[in-house]
Amino acid sequence: MERRAFLAALSALGLGAATHRAPVLARPRLPRDPFMLGVASGYPSPGGMVLWTRLLLDPEAPDGGLGAAAVPVRWEVAADESMRKIVASGSTEATPEWGHSVHVQAKGLEPDRWYWYRFMAGDATSAPARTRTSPAHDARVDRLRFAFASCQQYEQGFFGAHRHIAEDAPDLVAFLGDYIYESSWGRNHVRRHETAEPYTLPEYRARYARYKSDADLQRAHAACPWIVTWDDHEVDNDYANDRPEDGMDRARFLARRAAAYRAFYEHMPLPERMRPDGAGLRLHTRLGWGQLARFFILDNRQYRSWQACPRKAGGGNVVDPAVCTELDEPKRTMLGTAQERWLDRAFAESRAGWNLVTQQTLMAQLDSHPGEGRRVWTDGWSGYPAARRRLLESALAHRLANPVVIGGDVHHHAVADLKLDFDDPHAAVVASEICGTSITSQSRAQKALDAAREENPHLKLMDGRHRGYVRVEVRPQGLTAELRAMAGVQSAQAACSTLAAFTVENGRAGAQRTG
């Protein structure tokens, strides 16, 4: 009965199974530029990368203004920005079933070099964008420059931070969740979603179209390849696995999650192997950068245990661990059992000089209660202490070289030492953590963060006064992270500066402030 309810909910949300192959427009005549959402690339390998676009004529139309026909799309990769030295090309179809999105796996390219690419549909040609391949797996690499960012509530500010990311010209961008927001909240809005909270596939498509129409976000996508993970707002605030925060029944919520996951795939430069199957999408993976670095890209939403001691039907809560004893149950998981096992094997197999755990939120323990006693937020890693300990124990057991955790979600910059026992000031530091502030999403008051910083000596910085991102340079001898701070997000042209800089030395866990 639950399966029948799930299938009925899928149909109601615009996710009914396709019963026939869409007709193909042999010679499409498109009245407007279909590349209004820009182009993007992602997941570079030594021989290629994923190239993405989505054809769109009318963001408000359920079919995007392209109807029920498939549209032929050509693509080209060139060794030069003028697109004269074409080194790879091909054709595919943008089908209505997948929102007329395109995911091309470019192959046969040279490792560790920059390329340019573009798409053509009908008489329209997209602007060229820049991408690159990663170094060969056994290559000795002197430097990797990447940026990471998260949490971009469209209404609360302009995406000027993405313009600065594009100007930095990094090798890679890691986006760590909350690419869209399903809900409207916060103060001093500068623009509007214009539509209600999404539940159906057409509604999620429209929300992505709203966000991806931002020119600065398009610039950052066109500057270099991206890797991505999600957090909660790509579906529903504080959801955990198959449980929403508002009490929606499981079948209906899984149908909503299926719509959201499908829209996420349609709008991200994800490889074909990540194409969703119903309410599931295998997002966690790893990506190497020669012998220098390896990214472990995690998913801490889809498989996690429900939050402990929720306020209502579900979602996060601030609790006293002495009262909410469920927190410490050893089987509780943030990643799910299968992903934990995968990560343990991946740690064991890594021979990289730097190992970058790429995930959504602050991993360090955070006690938000001043004085005696403790209060923790159950939606983050502090709500899953056994899972956090297993991850750090795995890094120790496999002698993982230079583990550095990067995250977002909390809307403030944070730098921390990660330990097996955060309550012991003399406990060894297992890994370093750099958590970035939000692109636009509003933070807690700095006074509250200062008070929390005093309660958590393993946290070396907590600053929520600025929106921004983190700029990272990795070299064999060390990793440097610059915490970038926007002058404001009420103007798209706001300046950006470095709030602080931290360095992690090769072979020495723990970030040290250097600027």
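At what angle do helix H3 (residues 201-212) and helix H5 (residues 250-267) pack, and how many Å apart are their axes? Select both: the angle is about 35 degrees, and the axes are 9 Å apart. Axes here are lines fitted to C-alpha atoms, for helices over the stretch in contact, and angles run from 0 to 180 degrees between N-to-C directions. Helices (H or I, at least four residues) and strands (E, at least two) are DSSP runs, numbered from the N terminus.

Before going on, note that this is a predicted model, in which local features need pLDDT of at least 70 and side-chain atom pairs count only at pLDDT 80 or more, while totals for chains, interfaces and linings use all residues. Residues are numbered from 1 along each chain as its sequence is written, and side-chain values use heavy atoms, with hydrogens and water left out.

Now show side chains on the helix pair. From H3, Leu201, Tyr204, Arg205, Tyr208, Ala209 and Lys212 are in contact (heavy atoms within 4.5 Å) with H5. The H5 side of this contact includes Arg256, Ala259, Phe264 and His267. By class, the contact of H3 with H5 has 8 nonpolar, 1 polar and 5 charged residues. Ala, Val, Leu, Ile, Met, Phe, Trp, Tyr, Cys and Pro count as nonpolar, Asp, Glu, Lys and Arg as charged, and the others, Gly among them, as polar.

Next, select Trp377, Asp379, Asp409, Val410 and Arg444, which lie nearest the centre of the second largest pocket. On a 1 Å grid over the protein atoms alone, a pocket is an open set of points with protein on both sides within 12 Å along at least five of seven lines; a cavity is a set where a 1.4 Å probe fits but cannot get out, and lining residues have an atom within 4 Å of a point. In all, 29 residues line this pocket: 10 nonpolar, 10 polar and 9 charged.

For the largest cavity, select Leu37, Val39, Trp52, Tyr179, Lys212, Leu217, Gln218 and His221. Helix H4 (residues 215-223) supplies the largest share of this lining, 3 residues. The lining has 5 nonpolar, 2 polar and 1 charged residues.

The second largest cavity is lined by Arg145, Phe146, Ala147, Asp168, Pro170 and Arg471. Strand E9 (residues 144-149) gives the most here, with 3 residues. The lining divides into 3 nonpolar, no polar and 3 charged residues.

Finally, zoom out to the whole chain, which has 8 helices and 24 strands. Its C-alpha trace spans about 70 × 55 × 45 Å along the principal axes.
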